[in-house]
Number of protein chains: 2
Amino acid sequence: MEAEIITIGDELLIGQTIDTNSAYFGQQLGGIGISIKRKTAISDHAQAILDALAEAFSRVDLVIMTGGLGPTKDDITKKTLCTYYQCGYRRDENVLAHLAQIFEARGRLMLETNQVQADVPALCETLHNAVGTAPGMWFDRNGKVLVSLPGVPGEVYHLTEERVIPKLKAKFPLPTIQHRTLVTLQKAESLLSRQLEPFEASLPPHLSLAYLPSFNMVKLRLSQTIQNSDIPESDDIDRYFVLLQQAIVEDVFCLGDIDPALYLSKYLINNNISFTTAESCTGGWVAHRLMQAPGISAVYPGSLVAYANEVKSQELGVDRAIIETYGAVSENCALAMANGVREKFGVDLAIATTGIAGPGGGSKEKPVGFVYIAVCTANEQMCKSFRLFGNREQIIQRSSNAALWMVKQLLKLPTDSAA
Amino acid sequence: MEAEIITIGDELLIGQTIDTNSAYFGQQLGGIGISIKRKTAISDHAQAILDALAEAFSRVDLVIMTGGLGPTKDDITKKTLCTYYQCGYRRDENVLAHLAQIFEARGRLMLETNQVQADVPALCETLHNAVGTAPGMWFDRNGKVLVSLPGVPGEVYHLTEERVIPKLKAKFPLPTIQHRTLVTLQKAESLLSRQLEPFEASLPPHLSLAYLPSFNMVKLRLSQTIQNSDIPESDDIDRYFVLLQQAIVEDVFCLGDIDPALYLSKYLINNNISFTTAESCTGGWVAHRLMQAPGISAVYPGSLVAYANEVKSQELGVDRAIIETYGAVSENCALAMANGVREKFGVDLAIATTGIAGPGGGSKEKPVGFVYIAVCTANEQMCKSFRLFGNREQIIQRSSNAALWMVKQLLKLPTDSAA
């Protein structure tokens, strides 16, 4: 089964927005056995939309379209879809009720320009958008399905996972595709791939391994495609997933297609391990990643960003002599920050970061990207230095992944606990 | 002048790589008056490439193509371009000399598999790639230009700026396109659009306005296209940009296509206004957005995340009676947090947040998305409640934009200072 993606919006063409939705669709549709044949980005013009639609449907039976559904007049997707499907508008009562609810909750008056968001092409079925105002639209004519979604990434994720994927599975006969994903931190893709050469060579044809790298993190996704049910049981994906874990056992951070920070924070909640952070170069990013799990307040009282040296000494009790002798970017300072913040908040575990995120502040001895990370509990402590590369934002992201990895080392975190 | 972009590579279609080159081309070509009519991503297959090329050249005279030029066997762009242009290969002496130089510098032997990188379609002109091995290729046949570039972003930037842009300027008579962008916070796109109806109606045909919304933020972009020099001076974009600002003067946060947090942090640095935050529901996100500017350490000593009530009282001096009487999510608590953290860090300005980010913790009186934000200086303070919607992440992002907006109100921030 093949599909095409059409993204609508001048902001993509003039380069004001980087298109992340397309990569998301590639992953999501790939996950249910639909491969993307082509992606097309076009402008907010009716003729461009009509042309792209006709061309796409000449090649495939499924088109996913995003963008152009807001209330302002430069959003013309709906009007053009009425032209394409030769139908008028209908006011959708469910969408109208949802809009009314949103406006009431915000204590704002609903204007006629808002109400028109409930007007949709008569031939479509609306897909309830619980996180936004514009509904998704599902057109099914002559065996060809068009799904039209808003362009806001959060709304795309919600509508795709809650509405579109289940409807596609019900509509089309799709192969069974299963995935098993694990997360590694700190080891480069090239080293992992060399280590996994024998494993990859051993894979039967219906299994494949993909490397999904980001900052100091590589997700490994093992996929199994079953067109029919004649795959022998001994070749099944779970057996190979165990072999994969065994081949790189030291490098596995956690199992599942999950943000490792979310995995760690759920582990801390489930095991009632309270924690805090004292961050210099990462500016609160480690804490922010760890506080995303609902229920985190049970184990997270709060944390401190300690940029200035005065804050490191006054708030964290870092001895001024340490900063004067070794500098704020030093193993001694990182450990003192971690121990200081742990005592301050009276928690089980503390993480501290101090380094040069750049672009300024680097020296020959301590260049941009040079970062110390310390983690400690009441009985143990650990500090490591890292030389990370990239711009300021990337160094902060890489530092936060390094911090997660260090917590795993200190707590001897299991990789297979439920996440 | 219109162009199309074709990107080649399965990694884009399956979502393994996010396409950043396309946005880059949009910006670069837009800057010299070439607008991108369409962007198409296709797989590494000859027929897909041939089809996409023929279709693109049926619509425009300029096509930029990236990807598929490496030495491995799944890179078939060159072979396919020989088919398309009905020509054979020639070995390019300049490319060969460049390759020999690279291999000599690395102390490695050049193999025949490396030398074939110097073989290019006979009809193309090569574009010297100083930062990589694969040359760019320029085809100019029957008034239609095809530029084929490698996919590596660093090589794309080098070849585009040093080779492609100068050749395009020499080849085509180009219009001038200019953009003026401003950022608004807190007002809905639909309300802005109603307010701007007279302004939009007044725009001459060579000017256009686009709305680019995200969480409680709308960027407004005014664009001017001048095909020749007969536009009267009084119609110029800067005059209309002033009119645009006047039409929504209360809602403009800052001028320029800029993250408002970066704008604000640069303003604080330039005006030597030190600041800190005490964050509950936003978990450090406000501070993190504000510390992205290089040089921020001059005005930002650090900040506190105060999740637990004990941290609010012990670290920020919030009177326990306030929390018991009004609750932690209250105007009184938010103001006490802001004043407490300002004194703690001895800074000019403090921001405090307390609210229900969800998914749990909501009540009928204080539902998920109900957030108090307080800002204060030594002499002034301000607190407002907000009812924000979306998931946890979106509520945090919307809260942070609301906090920026409140700082503007308190400091009576000018919108036109250099950012």
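Two strands count as paired if DSSP finds at least two bridges between them. Helices (H or I, at least four residues) and strands (E, at least two) are DSSP runs, numbered from the N terminus. The model is predicted: local features need pLDDT of at least 70, side-chain atom pairs count only at pLDDT 80 or more, and totals for chains, interfaces and linings use all residues. Residues are numbered from 1 along each chain as its sequence is written, while chains are lettered from A and ligands numbered from 1 in the order in which they are written.

**View 1. Strand β16 of chain A and its two partners.** β16(A) spans residues 370-376. Opposite A:Tyr372 stands A:Ser385 of β17(A). A:Thr354 also stands opposite A:Tyr372. Strand β17 (residues 381-387) of chain A runs antiparallel to β16(A) and is joined to it by seven bridges. Four residues lie between β16(A) and β17(A) in the hairpin that they form. Strand β15 (residues 349-355) of chain A pairs with β16(A) over six bridges, again antiparallel.

**View 2. Burial along β16(A).** Seven of the seven residues of this strand are buried (20 or more other C-beta atoms within 10 Å of the residue's own, with C-beta atoms placed from the backbone). A:Phe370, A:Tyr372, A:Ala374 and A:Cys376 point one way. A:Val371, A:Ile373 and A:Val375 point the other way.

**View 3. The buried face of helix α13 of chain A.** The helix covers residues 309-316. Its buried residues are A:Val311, A:Lys312, A:Glu315 and A:Leu316. Seen down the axis of α13(A), they fall within an arc of 105° (taken from the directions from the helix axis to the C-beta atoms), so they line one face of the helix. An α-helix has 3.6 residues a turn, so residues three or four places apart point the same way. The buried residues of α13(A) pack against β13 (275-279), β14 (302-306), α14 (320-326) and α15 (331-345) of chain A. They also pack against β14 of chain B. Contact here requires C-beta atoms, placed from the backbone, within 7 Å. Just after α13(A), A:Gly317 takes a positive phi of about 70°.

**View 4. The contact between chains A and B.** Chain A gives 61 residues to the contact and chain B gives 56. On the side of chain B that touches chain A, at least two residues come from each of α2 (21-31), β2 (35-42), α8 (189-195), β10 (207-214), α12 (285-290), β14 (302-306) and α13 (309-316) of chain B. This side of chain B divides into 27 nonpolar residues (Ala, Val, Leu, Ile, Met, Phe, Trp, Tyr, Cys and Pro), eight charged (Asp, Glu, Lys and Arg) and 21 polar (the others, Gly among them). Strand β2 (residues 35-42) of chain A runs antiparallel to β2(B), with five bridges between them. A:Ile42 has B:Arg38 as its bridge partner.

**View 5. A four-stranded sheet in chain B.** The open, antiparallel sheet has the order β10-β11-β9-β12. β10 and β12 (252-255) of chain B are the edge strands, each pairing on one side only. Neighbouring strands are turned by 25° against each other on average, direction ignored. Helix α10 (residues 237-247) of chain B packs on the sheet and touches β9, β10, β11 and β12 of chain B. Its direction makes about 155° with that of β11(B). Axes are lines fitted to C-alpha atoms, for helices over the stretch in contact, and angles run from 0 to 180 degrees between N-to-C directions. Strand β9 (residues 176-185) and strand β11 (residues 217-226) of chain B share ten bridges. B:Thr176 stands opposite B:Ile226.

Key. Contact = placed C-beta atoms within 7 Å. Buried ≥ 20, exposed ≤ 12 C-beta atoms within 10 Å, placed from the backbone.
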